[in-house]
There are 2 protein chains.
Amino acid sequence: MSFELLKKNKQIILYGASLAGLLFLLQWLELRFIIMDHAFEIYAGAIAIIFTGVGIWLALRLAKPKTLIVEKEVYISAETTFVQNENELERLGLSKRELEVLQLISTGMSNQEIAERLFVSLNTVKTHSSNLFGKMDVKSRTQAIDKAKKMQIIA
Amino acid sequence: MSFELLKKNKQIILYGASLAGLLFLLQWLELRFIIMDHAFEIYAGAIAIIFTGVGIWLALRLAKPKTLIVEKEVYISAETTFVQNENELERLGLSKRELEVLQLISTGMSNQEIAERLFVSLNTVKTHSSNLFGKMDVKSRTQAIDKAKKMQIIA
DNA sequence: TCGAGACTCATACTTTTGTGTGATTTTTGA
DNA sequence: TCAAAAATCACACAAAAGTATGAGTCTCGA
(Lines give C-alpha, C1' and ligand atoms only; values in the text may rest on other atoms or scores of the structure.)
Protein backbone atom coordinates (compact mmCIF):
# COMPACT_ATOMS: atom_id res chain seq x y z
CA MET A 1 0.00 0.00 0.00
CA SER A 2 2.65 2.50 1.03
CA PHE A 3 4.80 1.22 -1.77
CA GLU A 4 1.97 1.90 -4.14
CA LEU A 5 1.72 5.43 -2.78
CA LEU A 6 5.44 5.85 -3.30
CA LYS A 7 5.12 4.69 -6.86
CA LYS A 8 2.22 6.94 -7.56
CA ASN A 9 3.95 10.06 -6.28
CA LYS A 10 7.28 9.18 -7.80
CA GLN A 11 7.31 12.23 -10.00
CA ILE A 12 6.49 14.57 -7.17
CA ILE A 13 9.13 13.06 -4.88
CA LEU A 14 11.64 13.22 -7.69
CA TYR A 15 10.78 16.84 -8.25
CA GLY A 16 11.25 17.69 -4.60
CA ALA A 17 14.55 15.86 -4.51
CA SER A 18 15.86 17.61 -7.61
CA LEU A 19 14.74 20.93 -6.18
CA ALA A 20 16.63 20.25 -2.95
CA GLY A 21 19.61 18.95 -4.87
CA LEU A 22 19.79 22.04 -6.98
CA LEU A 23 19.63 24.28 -3.97
CA PHE A 24 22.57 22.47 -2.45
CA LEU A 25 24.40 22.76 -5.72
CA LEU A 26 23.69 26.45 -5.78
CA GLN A 27 24.94 26.93 -2.26
CA TRP A 28 28.14 25.18 -3.15
CA LEU A 29 28.50 27.20 -6.34
CA GLU A 30 27.86 30.37 -4.39
CA LEU A 31 31.01 29.79 -2.38
CA ARG A 32 33.11 29.56 -5.50
CA PHE A 33 31.65 32.29 -7.70
CA ILE A 34 30.34 34.77 -5.19
CA ILE A 35 32.91 37.17 -6.42
CA MET A 36 31.34 37.29 -9.87
CA ASP A 37 29.27 40.30 -10.81
CA HIS A 38 25.61 39.63 -11.30
CA ALA A 39 26.17 36.12 -10.18
CA PHE A 40 22.78 36.09 -8.55
CA GLU A 41 20.97 37.04 -11.70
CA ILE A 42 22.82 34.44 -13.66
CA TYR A 43 21.89 31.78 -11.12
CA ALA A 44 18.32 32.92 -11.01
CA GLY A 45 18.15 32.78 -14.78
CA ALA A 46 19.72 29.36 -14.82
CA ILE A 47 17.27 28.11 -12.22
CA ALA A 48 14.40 29.59 -14.13
CA ILE A 49 15.46 27.92 -17.34
CA ILE A 50 16.24 24.59 -15.71
CA PHE A 51 12.99 24.48 -13.81
CA THR A 52 11.04 25.53 -16.82
CA GLY A 53 12.47 22.44 -18.39
CA VAL A 54 11.58 20.41 -15.32
CA GLY A 55 8.06 21.79 -15.49
CA ILE A 56 7.75 20.89 -19.14
CA TRP A 57 9.06 17.43 -18.47
CA LEU A 58 6.66 17.01 -15.57
CA ALA A 59 3.71 18.23 -17.56
CA LEU A 60 4.43 15.91 -20.44
CA ARG A 61 4.73 12.95 -18.13
CA LEU A 62 1.79 13.68 -15.91
CA ALA A 63 -0.64 15.16 -18.36
CA LYS A 64 -3.66 13.02 -18.87
CA PRO A 65 -3.68 12.00 -22.46
CA LYS A 66 -6.39 13.77 -24.34
CA THR A 67 -8.67 11.11 -25.59
CA LEU A 68 -9.57 11.81 -29.14
CA ILE A 69 -12.62 9.84 -30.00
CA VAL A 70 -12.56 8.93 -33.62
CA GLU A 71 -15.90 7.89 -34.87
CA LYS A 72 -15.28 5.04 -37.18
CA GLU A 73 -18.14 4.43 -39.51
CA VAL A 74 -18.77 0.76 -39.65
CA TYR A 75 -20.76 -0.18 -42.64
CA ILE A 76 -22.38 -3.45 -41.98
CA SER A 77 -24.28 -5.33 -44.58
CA ALA A 78 -27.97 -5.64 -43.96
CA GLU A 79 -27.67 -9.37 -43.36
CA THR A 80 -25.33 -9.15 -40.39
CA THR A 81 -27.16 -6.37 -38.61
CA PHE A 82 -30.61 -7.64 -39.31
CA VAL A 83 -32.70 -8.15 -36.25
CA GLN A 84 -36.20 -9.25 -36.89
CA ASN A 85 -38.87 -6.97 -35.57
CA GLU A 86 -40.73 -9.52 -33.50
CA ASN A 87 -43.44 -7.10 -32.48
CA GLU A 88 -44.49 -6.20 -35.98
CA LEU A 89 -44.28 -9.82 -37.04
CA GLU A 90 -46.51 -10.80 -34.15
CA ARG A 91 -48.96 -8.08 -35.00
CA LEU A 92 -49.29 -9.23 -38.58
CA GLY A 93 -50.20 -12.73 -37.49
CA LEU A 94 -48.25 -14.40 -40.27
CA SER A 95 -47.94 -18.15 -39.90
CA LYS A 96 -44.57 -19.89 -40.08
CA ARG A 97 -45.23 -21.09 -43.61
CA GLU A 98 -46.41 -17.70 -44.75
CA LEU A 99 -43.27 -16.07 -43.44
CA GLU A 100 -41.19 -18.69 -45.23
CA VAL A 101 -42.96 -17.92 -48.50
CA LEU A 102 -42.52 -14.20 -47.92
CA GLN A 103 -38.80 -14.64 -47.39
CA LEU A 104 -38.42 -16.68 -50.57
CA ILE A 105 -40.48 -14.15 -52.51
CA SER A 106 -38.09 -11.44 -51.35
CA THR A 107 -35.17 -13.30 -52.89
CA GLY A 108 -36.80 -13.01 -56.28
CA MET A 109 -38.10 -16.54 -56.57
CA SER A 110 -41.23 -17.30 -58.57
CA ASN A 111 -44.16 -19.15 -57.05
CA GLN A 112 -43.18 -22.26 -59.01
CA GLU A 113 -39.61 -22.14 -57.65
CA ILE A 114 -40.89 -21.64 -54.12
CA ALA A 115 -43.23 -24.61 -54.53
CA GLU A 116 -40.31 -26.80 -55.55
CA ARG A 117 -38.17 -25.54 -52.72
CA LEU A 118 -40.84 -26.22 -50.10
CA PHE A 119 -42.04 -29.48 -51.71
CA VAL A 120 -45.57 -28.25 -52.05
CA SER A 121 -47.78 -27.53 -55.04
CA LEU A 122 -47.92 -24.24 -56.91
CA ASN A 123 -51.48 -23.80 -55.67
CA THR A 124 -50.37 -24.07 -52.08
CA VAL A 125 -47.79 -21.36 -52.58
CA LYS A 126 -50.41 -19.20 -54.21
CA THR A 127 -52.73 -19.74 -51.27
CA HIS A 128 -50.00 -18.84 -48.79
CA SER A 129 -48.94 -15.77 -50.69
CA SER A 130 -52.47 -14.58 -51.20
CA ASN A 131 -53.18 -15.02 -47.51
CA LEU A 132 -50.05 -13.20 -46.45
CA PHE A 133 -50.81 -10.35 -48.83
CA GLY A 134 -54.15 -10.03 -47.09
CA LYS A 135 -52.57 -10.01 -43.66
CA MET A 136 -49.94 -7.49 -44.76
CA ASP A 137 -52.53 -5.38 -46.52
CA VAL A 138 -50.68 -5.30 -49.83
CA LYS A 139 -51.71 -6.17 -53.34
CA SER A 140 -48.61 -7.72 -54.85
CA ARG A 141 -45.39 -9.55 -54.02
CA THR A 142 -43.32 -6.45 -54.79
CA GLN A 143 -45.35 -4.40 -52.34
CA ALA A 144 -44.98 -7.18 -49.79
CA ILE A 145 -41.19 -7.09 -50.22
CA ASP A 146 -41.07 -3.34 -49.79
CA LYS A 147 -43.32 -3.32 -46.75
CA ALA A 148 -41.66 -6.30 -45.10
CA LYS A 149 -38.24 -4.68 -45.47
CA LYS A 150 -39.48 -1.42 -44.07
CA MET A 151 -41.10 -3.25 -41.17
CA GLN A 152 -37.87 -5.15 -40.68
CA ILE A 153 -39.54 -8.50 -40.61
CA ILE A 154 -37.29 -9.86 -43.34
CA ALA A 155 -33.61 -9.27 -44.15
CA MET B 1 4.18 38.49 -42.29
CA SER B 2 6.21 39.76 -39.36
CA PHE B 3 3.01 40.10 -37.41
CA GLU B 4 2.26 36.50 -38.15
CA LEU B 5 5.67 35.56 -36.82
CA LEU B 6 4.99 37.55 -33.70
CA LYS B 7 1.73 35.74 -33.21
CA LYS B 8 3.23 32.35 -33.76
CA ASN B 9 5.99 32.86 -31.21
CA LYS B 10 3.76 34.57 -28.70
CA GLN B 11 4.36 31.97 -26.04
CA ILE B 12 8.12 32.10 -26.41
CA ILE B 13 8.20 35.88 -26.36
CA LEU B 14 5.95 35.91 -23.34
CA TYR B 15 8.22 33.44 -21.64
CA GLY B 16 11.30 35.57 -22.32
CA ALA B 17 9.53 38.67 -21.12
CA SER B 18 8.37 37.04 -17.90
CA LEU B 19 11.88 35.72 -17.33
CA ALA B 20 13.35 39.20 -17.75
CA GLY B 21 10.60 40.71 -15.61
CA LEU B 22 11.23 38.28 -12.84
CA LEU B 23 14.93 39.01 -12.87
CA PHE B 24 14.23 42.71 -12.49
CA LEU B 25 11.84 41.96 -9.70
CA LEU B 26 14.49 39.86 -7.98
CA GLN B 27 17.08 42.62 -8.28
CA TRP B 28 14.69 45.03 -6.70
CA LEU B 29 13.81 42.59 -3.94
CA GLU B 30 17.50 41.96 -3.35
CA LEU B 31 17.98 45.56 -2.32
CA ARG B 32 15.31 45.31 0.32
CA PHE B 33 15.87 41.85 1.79
CA ILE B 34 19.58 41.38 1.30
CA ILE B 35 19.92 41.38 5.04
CA MET B 36 17.84 38.21 5.30
CA ASP B 37 19.58 35.00 5.99
CA HIS B 38 19.42 32.44 3.28
CA ALA B 39 17.66 34.96 1.09
CA PHE B 40 19.38 33.57 -1.95
CA GLU B 41 18.15 30.07 -1.35
CA ILE B 42 14.63 31.30 -0.82
CA TYR B 43 14.74 33.25 -4.05
CA ALA B 44 16.23 30.35 -5.88
CA GLY B 45 13.53 28.05 -4.56
CA ALA B 46 10.83 30.53 -5.45
CA ILE B 47 12.20 30.90 -8.94
CA ALA B 48 12.40 27.16 -9.29
CA ILE B 49 8.79 26.67 -8.23
CA ILE B 50 7.49 29.54 -10.31
CA PHE B 51 9.30 28.44 -13.42
CA THR B 52 8.30 24.89 -12.90
CA GLY B 53 4.79 26.22 -13.09
CA VAL B 54 5.67 28.24 -16.15
CA GLY B 55 7.16 25.12 -17.70
CA ILE B 56 4.06 23.10 -16.97
CA TRP B 57 1.87 25.82 -18.37
CA LEU B 58 4.03 26.08 -21.46
CA ALA B 59 4.05 22.35 -21.96
CA LEU B 60 0.30 22.04 -21.66
CA ARG B 61 -0.22 24.86 -24.11
CA LEU B 62 2.37 23.93 -26.67
CA ALA B 63 2.65 20.20 -26.44
CA LYS B 64 0.96 18.14 -29.08
CA PRO B 65 -1.89 16.54 -27.24
CA LYS B 66 -1.29 12.93 -26.46
CA THR B 67 -4.08 11.45 -28.44
CA LEU B 68 -5.54 8.25 -27.36
CA ILE B 69 -7.53 7.16 -30.32
CA VAL B 70 -10.67 5.41 -29.32
CA GLU B 71 -12.48 3.93 -32.23
CA LYS B 72 -16.13 4.24 -31.65
CA GLU B 73 -18.16 2.12 -33.94
CA VAL B 74 -21.07 4.01 -35.37
CA TYR B 75 -23.71 1.78 -36.77
CA ILE B 76 -25.59 3.37 -39.55
CA SER B 77 -28.74 2.02 -41.02
CA ALA B 78 -28.70 1.08 -44.67
CA GLU B 79 -31.12 3.78 -45.76
CA THR B 80 -29.15 6.72 -44.48
CA THR B 81 -25.84 5.48 -45.76
CA PHE B 82 -27.00 4.62 -49.23
CA VAL B 83 -24.53 5.67 -51.87
CA GLN B 84 -25.27 4.61 -55.37
CA ASN B 85 -22.71 2.26 -56.79
CA GLU B 86 -21.91 4.26 -59.92
CA ASN B 87 -19.53 1.68 -61.27
CA GLU B 88 -22.02 -1.15 -61.29
CA LEU B 89 -24.68 1.12 -62.65
CA GLU B 90 -22.37 2.18 -65.47
CA ARG B 91 -21.48 -1.41 -66.20
CA LEU B 92 -25.11 -2.43 -66.53
CA GLY B 93 -25.72 0.26 -69.14
CA LEU B 94 -29.16 1.13 -67.86
CA SER B 95 -30.65 4.24 -69.42
CA LYS B 96 -32.05 7.03 -67.28
CA ARG B 97 -35.60 5.94 -67.96
CA GLU B 98 -34.85 2.31 -67.21
CA LEU B 99 -33.32 3.22 -63.88
CA GLU B 100 -36.38 5.30 -63.09
CA VAL B 101 -38.65 2.37 -63.81
CA LEU B 102 -36.44 0.09 -61.74
CA GLN B 103 -36.63 2.45 -58.78
CA LEU B 104 -40.41 2.63 -58.99
CA ILE B 105 -40.66 -1.13 -59.33
CA SER B 106 -38.66 -1.48 -56.11
CA THR B 107 -41.24 0.57 -54.24
CA GLY B 108 -43.86 -2.02 -55.07
CA MET B 109 -45.62 -0.11 -57.83
CA SER B 110 -47.36 -1.99 -60.64
CA ASN B 111 -46.56 -1.30 -64.27
CA GLN B 112 -49.84 0.56 -64.61
CA GLU B 113 -49.03 2.80 -61.66
CA ILE B 114 -45.55 3.47 -63.02
CA ALA B 115 -47.05 4.36 -66.39
CA GLU B 116 -49.32 6.91 -64.75
CA ARG B 117 -46.50 8.31 -62.67
CA LEU B 118 -44.23 8.76 -65.67
CA PHE B 119 -47.00 9.89 -68.04
CA VAL B 120 -46.32 7.12 -70.50
CA SER B 121 -48.31 4.13 -71.68
CA LEU B 122 -48.38 0.76 -69.98
CA ASN B 123 -46.67 -0.72 -73.03
CA THR B 124 -43.79 1.72 -72.68
CA VAL B 125 -43.26 0.70 -69.08
CA LYS B 126 -43.34 -2.93 -70.11
CA THR B 127 -40.76 -2.27 -72.79
CA HIS B 128 -38.49 -0.44 -70.34
CA SER B 129 -38.82 -3.12 -67.71
CA SER B 130 -38.26 -5.93 -70.16
CA ASN B 131 -35.17 -4.18 -71.48
CA LEU B 132 -33.78 -3.54 -68.04
CA PHE B 133 -34.40 -7.14 -67.02
CA GLY B 134 -32.33 -8.18 -70.02
CA LYS B 135 -29.52 -5.80 -69.08
CA MET B 136 -29.61 -6.94 -65.47
CA ASP B 137 -29.85 -10.58 -66.48
CA VAL B 138 -32.92 -11.31 -64.41
CA LYS B 139 -36.28 -12.79 -65.26
CA SER B 140 -38.70 -10.88 -63.08
CA ARG B 141 -39.22 -7.61 -61.24
CA THR B 142 -38.69 -9.30 -57.90
CA GLN B 143 -35.33 -10.63 -59.02
CA ALA B 144 -34.47 -7.18 -60.34
CA ILE B 145 -35.27 -5.66 -56.95
CA ASP B 146 -33.13 -8.19 -55.12
CA LYS B 147 -30.19 -7.85 -57.47
CA ALA B 148 -30.37 -4.06 -57.64
CA LYS B 149 -30.35 -3.82 -53.85
CA LYS B 150 -27.43 -6.18 -53.59
CA MET B 151 -25.56 -4.21 -56.25
CA GLN B 152 -26.42 -1.02 -54.37
CA ILE B 153 -27.74 0.72 -57.43
CA ILE B 154 -31.04 1.50 -55.69
CA ALA B 155 -31.85 2.38 -52.13
C1' DT C 1 -25.99 15.19 -91.86
C1' DC C 2 -26.10 10.70 -90.62
C1' DG C 3 -26.34 6.96 -87.57
C1' DA C 4 -26.71 5.15 -82.91
C1' DG C 5 -29.09 5.09 -78.91
C1' DA C 6 -32.94 6.53 -76.19
C1' DC C 7 -37.72 6.98 -75.71
C1' DT C 8 -42.05 6.16 -77.13
C1' DC C 9 -46.03 3.15 -78.42
C1' DA C 10 -48.81 -0.71 -80.42
C1' DT C 11 -50.26 -5.43 -81.14
C1' DA C 12 -50.24 -10.12 -80.13
C1' DC C 13 -49.03 -13.63 -77.34
C1' DT C 14 -47.31 -16.41 -73.25
C1' DT C 15 -46.44 -16.81 -68.56
C1' DT C 16 -46.95 -15.64 -63.97
C1' DT C 17 -49.41 -13.82 -60.37
C1' DG C 18 -53.26 -13.19 -57.60
C1' DT C 19 -58.31 -14.19 -56.05
C1' DG C 20 -62.21 -16.91 -54.64
C1' DT C 21 -64.16 -20.99 -53.25
C1' DG C 22 -64.15 -25.30 -51.29
C1' DA C 23 -62.08 -29.26 -49.33
C1' DT C 24 -58.97 -32.52 -46.54
C1' DT C 25 -55.48 -33.37 -43.19
C1' DT C 26 -52.45 -32.12 -39.43
C1' DT C 27 -51.18 -29.58 -35.44
C1' DT C 28 -52.00 -27.48 -31.31
C1' DG C 29 -53.63 -25.30 -27.26
C1' DA C 30 -57.34 -24.96 -23.87
C1' DT D 1 -60.51 -34.51 -26.52
C1' DC D 2 -62.21 -31.08 -29.25
C1' DA D 3 -62.31 -26.87 -31.71
C1' DA D 4 -59.40 -23.53 -33.95
C1' DA D 5 -55.67 -22.61 -36.62
C1' DA D 6 -52.40 -24.09 -39.93
C1' DA D 7 -51.12 -26.43 -43.92
C1' DT D 8 -52.22 -28.70 -47.87
C1' DC D 9 -54.38 -28.91 -52.57
C1' DA D 10 -57.62 -28.25 -56.64
C1' DC D 11 -60.10 -25.62 -60.03
C1' DA D 12 -61.57 -21.62 -62.36
C1' DC D 13 -61.03 -17.14 -63.39
C1' DA D 14 -59.06 -12.41 -63.56
C1' DA D 15 -55.29 -9.46 -63.61
C1' DA D 16 -50.72 -8.35 -64.16
C1' DA D 17 -46.28 -9.25 -65.86
C1' DG D 18 -43.26 -10.33 -69.34
C1' DT D 19 -41.72 -11.29 -74.44
C1' DA D 20 -41.30 -10.48 -79.34
C1' DT D 21 -41.61 -7.65 -83.11
C1' DG D 22 -42.04 -3.55 -85.51
C1' DA D 23 -42.08 1.26 -85.87
C1' DG D 24 -42.02 6.43 -85.24
C1' DT D 25 -39.64 10.47 -83.00
C1' DC D 26 -35.87 12.85 -80.87
C1' DT D 27 -31.25 14.00 -79.43
C1' DC D 28 -26.52 14.08 -79.74
C1' DG D 29 -21.96 13.32 -81.21
C1' DA D 30 -18.84 12.05 -85.10
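Helices H6(A) and H7(A) cross in a right-handed manner. This crossing belongs to a predicted model. In chain A, helix H6 covers residues 96-106 and helix H7 covers residues 111-118; the two pack at an angle of about 130 degrees, and their axes are 10 Å apart. An angle over 145 degrees would count as roughly antiparallel, and one of 65 to 115 degrees as roughly perpendicular. H6(A) and H7(A) are therefore described as oblique to each other.

The next subject is the DNA. Around DNA strand C there are 17 residues, of which Ser130(A), Arg141(A), Ser95(B), Ser121(B) and Asn123(B) come nearest. Of the atoms of DNA strand C that come within 4 Å of the protein, 63% belong to sugar and phosphate. By residue type, the surface near DNA strand C consists of 10 polar, 5 charged and 2 nonpolar residues.

Which helices each supply at least two residues of this surface? They are helix H8 (122-136) of chain A, and helix H6 (96-106) and helix H8 (122-136) of chain B. The largest share, 4 residues, comes from H8(B).

Individual contacts with the phosphates of DNA strand C can now be examined. In chain B, Ser121(B) places a backbone N or O atom 2.8 Å from a phosphate oxygen of DNA strand C. Thr124(B), by contrast, uses a polar side-chain atom, which lies 2.9 Å from a phosphate oxygen of DNA strand C.

Most residues other than glycine have a negative phi. Asp137(A), however, is not a glycine and has a positive phi, near 60 degrees. Asp137(A) is found in chain A, in the loop between H8 and helix H9 (141-150). Is Asp137(A) buried or exposed? Its relative accessibility is 62%, so Asp137(A) counts as exposed.

Phe119(B) is likewise a residue other than glycine with a positive phi, here about 55 degrees. Phe119(B) lies in chain B, in the loop between helix H7 (111-118) and H8. Because its relative accessible area is 77%, Phe119(B) is exposed.

How values were computed:
Residues are numbered from 1 along each chain as its sequence is written. Chains are lettered from A and ligands numbered from 1 in the order in which they are written. This is a predicted model: local features need pLDDT of at least 70, side-chain atom pairs count only at pLDDT 80 or more; totals for chains, interfaces and linings use all residues. Side-chain values use heavy atoms; hydrogens and water are left out. A residue is near a molecule or strand if one of its heavy atoms lies within 4 Å of it. A polar contact is a pair of N or O atoms within 3.5 Å; within protein, one must be able to donate a hydrogen and the other to accept it, and residues adjacent in sequence count only if both atoms are side-chain atoms. Ala, Val, Leu, Ile, Met, Phe, Trp, Tyr, Cys and Pro count as nonpolar, Asp, Glu, Lys and Arg as charged, and the others, Gly among them, as polar. Buried means under 20% relative accessible area, exposed over 50%, partly exposed in between (1.4 Å probe, protein chains only). Axes are lines fitted to C-alpha atoms, for helices over the stretch in contact, and angles run from 0 to 180 degrees between N-to-C directions. Angles under 35 degrees count as roughly parallel, over 145 as roughly antiparallel, 65 to 115 as roughly perpendicular and the rest as oblique. A crossing is left-handed if the near helix is turned anticlockwise from the far one by less than a right angle, and right-handed if clockwise.
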